[in-house]
Amino acid sequence: MNKKIEFTNSALLQIDKIIGSSIEKKYFRITVKGGGCSGFKYEFSFDKSKKNEDNLFNKTLIDNESLKLIEGSVIDFKTELIGDSFVINNPKAEASCGCGLSFSI
């Protein structure tokens with residue numbers, strides 16, 4: 001399986017900025033969980049250690065189950081009038097909610 005995730009420069013810069021020299025924030029973590037208004041939801045957090053089931057992309061950890069659902073995605077960071085946020089452009093998502101944090105496949 002080709003485990004491909006792409007990050008825009010904007011996303012990489014924001015991850016570096018947030019992690020900085022923090023001991024508690026060594027990795028940015030993307031997780032997909034059941035729930036949200038469309039079936040699955042994206043969760044963004046930070047971690048200080050890598051687990052066996054994690055895949056490392058730059059400074060980002062994605063567990064095996066989450067990766068199956070977002071493989072082929074482009075991770076971006078957008079600054080808009082309504083706020084700043086990470087955005088996942090997921091080619092597997094058939095529908096998503098208005099907030100962009102939940103999706104269905």
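Biologist: What share of the 105 residues in the chain is buried?

Modeller: In this model, which is a predicted one, buried residues make up 35% of the 105 residues in the chain. The accessible surface of the chain comes to about 6300 Å², and 51% of that surface belongs to carbon and sulfur atoms.

Biologist: And how many helices and strands does the chain have?

Modeller: The chain has two helices and nine strands, and if you read along the sequence they follow the pattern β-α-β-β-β-β-α-β-β-β-β. As for contacts with a separation of 6 or more, residues 24 or more positions apart account for 50% of them.

Biologist: Let's take the sheet with β1 in it. What is the strand order there?

Modeller: That is an open sheet of three strands in the order β1-β6-β7, and its pairing is mixed. Strands β1 (6-7) and β7 (83-89) stand at the edges with a single partner strand each, so one side of each is left without a neighbour in the sheet. Helix α1, residues 9-19, packs on this sheet and touches β1, β6 and β7, with its direction making about 75° with that of β6.

Biologist: In which sense do β1 and β6 pair, parallel or antiparallel?

Modeller: Strand β1 pairs with β6, which covers residues 74-80, in the parallel sense, and two bridges hold that pairing. Within it, Phe 7 has Ile 75 in β6 as its bridge partner.

Biologist: Which residues have the most contacts inside the largest nonpolar core?

Modeller: The largest nonpolar core has 18 residues, and those with the most contacts inside it are Ile 5, Phe 7, Ile 30, Ile 62, Ile 70, Ile 75 and Phe 86. The elements that give two or more residues to this core are α1, β2 (27-34), α2 (64-70), β6 and β7. As background, in soluble globular proteins nonpolar side chains tend to be buried together.

Biologist: Pick Ile 5, then. What does Ile 5 touch, leaving out residues up to four places away in sequence?

Modeller: With those left out, Ile 5 touches Phe 57, Ile 62, Leu 67, Ile 70, Glu 71, Gly 72, Ser 73 and Ile 75. Two of these, Ile 62 and Ile 75, were also named among the core residues with the most contacts.

Biologist: Changing topic to β2: is it mostly covered or mostly uncovered?

Modeller: Strand β2 is mostly covered, since six of its eight residues are buried. On one hand, β2 runs antiparallel to β3 and is joined to it by eight bridges, with Val 32 standing opposite Tyr 42 in β3. On the other hand, β2 pairs with strand β5, residues 60-63, in the parallel sense over three bridges, and there Arg 29 stands opposite Leu 61.

Biologist: What about Tyr 27, is it buried or exposed?

Modeller: Tyr 27, which is found in strand β2, has a relative accessible area of 14%; the cut-off for buried is under 20%, so Tyr 27 counts as buried. Leaving aside residues up to four places away in sequence, Tyr 27 touches a list of residues that includes Ile 19, Phe 46, Asp 47, Leu 56 and Leu 61. From Tyr 27 to Asp 16 the distance is 9.4 Å, C-alpha to C-alpha, and the two are eleven residues apart in sequence.

Biologist: How many salt bridges does the structure hold?

Modeller: The structure holds eight salt bridges. In one of them the side chains of Arg 29 and Asp 47 meet at 3.0 Å, N to O, and this pair links distant parts of the chain, with Arg 29 in strand β2 and Asp 47 in strand β3, residues 40-47, 18 residues apart. Both Arg 29 and Asp 47 are buried.

Conventions
Residues are numbered from 1 along each chain as its sequence is written. This is a predicted model: local features need pLDDT of at least 70, side-chain atom pairs count only at pLDDT 80 or more; totals for chains, interfaces and linings use all residues. Side-chain values use heavy atoms; hydrogens and water are left out. Two strands pair if DSSP finds at least two bridges between them. Helices (H or I, at least four residues) and strands (E, at least two) are DSSP runs, numbered from the N terminus. Contact means heavy atoms within 4.5 Å. Axes are lines fitted to C-alpha atoms, for helices over the stretch in contact, and angles run from 0 to 180 degrees between N-to-C directions. A nonpolar core is a set of buried Ala, Val, Leu, Ile, Met, Phe, Trp, Tyr and Cys residues joined through side-chain atoms within 4.5 Å. Buried means under 20% relative accessible area, exposed over 50%, partly exposed in between (1.4 Å probe, protein chains only). A salt bridge is a side-chain nitrogen of Lys or Arg within 4 Å of a carboxyl oxygen of Asp or Glu. Accessible areas come from the Shrake-Rupley method with a 1.4 Å probe; for residues, only the protein chains shown count as cover.
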